[in-house]
Amino acid sequence: MTATTTPATTAPVRAEIATLWRLSWPMLVGQLATVGMGVADVAMTGHVSAEELAAVSLGTSVWSIVLVTVMGTMMAINTVVAHEIGAARYDQIPHSVRQSLWKGALVGLVACLFANLCTLLFDHVGLEQPVADRASLFLHVISLGMPAFACYRALYGYTTSINQTIPIMWIAIFGLLFNVASNWLLVYGNWGFPALGAVGCAVSTAVGMWLMLGAMVFWIKYSPAYRLTYPFTGWEGPDWTEIGQMLRLGLPIGVTYFAEVSAFGLISLLVARFGVVAVSSHQVALNFASLVFMVPLSFSIGMMTRVGQAMGEGSPERARFVGWVGVGMSVAFGALSALFIALFRWEIAAMYTSDPAVQAACAHLLLFAALFQLSDATQVATASAIRGYQVTRPPMIIQLVAFWGVSLPLGCILGLAPQWFPWVPAAPMQTTGFWIGLVVALTIAAVLLTWSFEQVARQRIREGAAARKPAV
């Protein structure tokens, strides 16, 4: 009996895994290509001078926080379009996309202004003035690409939610190739172009963002896949009511992303006091963990689309099913990545550095990275599943508490061992203390978000059953 029933019971799971993989793998390639742009900027500028590298590193530390916050804020369109697709309200999608573009223009301009205001801090953090000036100029220039990036993310969410993820992959690869080629021209001054150093990276990235937006518009305009929901049939002014609704959905996601990225950034600053070995090993371990994180992140974006489509169809039972399948995929990858990192931590460290002291410290921290793989994969997956229901505030609150209420305070207590605090270790645990804080915080977030996802899913199922019950 088991042999005959097992294939039937597992067939829906296998089918959903296959669907989610087809939806997610192009986004994974695109995410890696996008990360590669930042890697190319740092690597290519590092061959100019230490000052230019410092300017890019400092400017990028601010820029990445702004960029990720905007990315999260623009994610509202993903779930809005997914719900409309599920409900077959195809005629509503063009209007939603156009309003998301208006929202993108507004968010992009605000982010551009904020990035420029952040340059005022560079004169007050003890930097050498030439480095502060170059970092400020880097941010002034690169911020000009932010409105394009925000509008690109609006179209990114739209195309993802109608199951068209291949364009995202090819456009990201195009962006990476353009970034590397234009860096070669503008950073080093090849082929008669001016040698701009760090500013050359900023020009390349800003222009690349506008080109990626243009490429996305071009693809949507000429690909038959977009005919049913084509958003550029007409022009309309901003609908502030709908933009406000999208902001209420998107801002909590943006705040969540800001909390996570800024917490990691602050930990990097706090670790700097422990010396070059501590900083280098921390950055290497964090960089590799961030690369691995791209896989469950891509699964989670695809899963948010799948949950949203199921809810749009009026099928909360299927939404719960596809959500748990997506969580299971992320957790399975988390288990594999944890095993890989634990087994090959020395080889991973050796890929980044030949310094024995940094290798040893990095291999030690990678053990903690292995420990939080399961919880990290779980928290990103369950948070995205909840957002698929157009519920965004609970994940924000849980992750704010986890990163700013647990990770940073616990990391400071263990890592710095402040004498004024009554319960501290006998000696500062330094970088290890901060990574213990990350493990604890991500575990708390994973448990609370898993519970929250199940509660939201069950509530929607009860509401759906009540709506279908005939009136007496």
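Analyst: A salt bridge here is a side-chain nitrogen of Lys or Arg within 4 Å of a carboxyl oxygen of Asp or Glu. The model is predicted, and side-chain atom pairs count only at pLDDT 80 or more. By this rule there are six salt bridges. R320, E454 and R458 are joined in a network of such bridges.

Buried means under 20% relative accessible area. E454 is therefore buried, at 10%, whereas R320 counts as partly exposed, at 30% relative accessibility.

Helix 16 also holds a pair of its own. E463 and R460 are three residues apart in that helix, and so are separated by about one helical turn. Their side chains form a salt bridge at 3.8 Å, N to O. R460 is buried, with a relative accessible area of 19%, while E463 is partly exposed, with 39% relative accessibility.

Another salt bridge links the side chains of R318 and E313, at 3.0 Å, N to O. R318 is partly exposed, with a relative accessible area of 26%. E313 is partly exposed as well, with a relative accessible area of 45%.

As for the background, side chains of opposite charge can pair when their charged atoms come close.

How values were computed:
Residues are numbered from 1 along each chain as its sequence is written. This is a predicted model: local features need pLDDT of at least 70, side-chain atom pairs count only at pLDDT 80 or more; totals for chains, interfaces and linings use all residues. Side-chain values use heavy atoms; hydrogens and water are left out. Buried means under 20% relative accessible area, exposed over 50%, partly exposed in between (1.4 Å probe, protein chains only). Helices (H or I, at least four residues) and strands (E, at least two) are DSSP runs, numbered from the N terminus.
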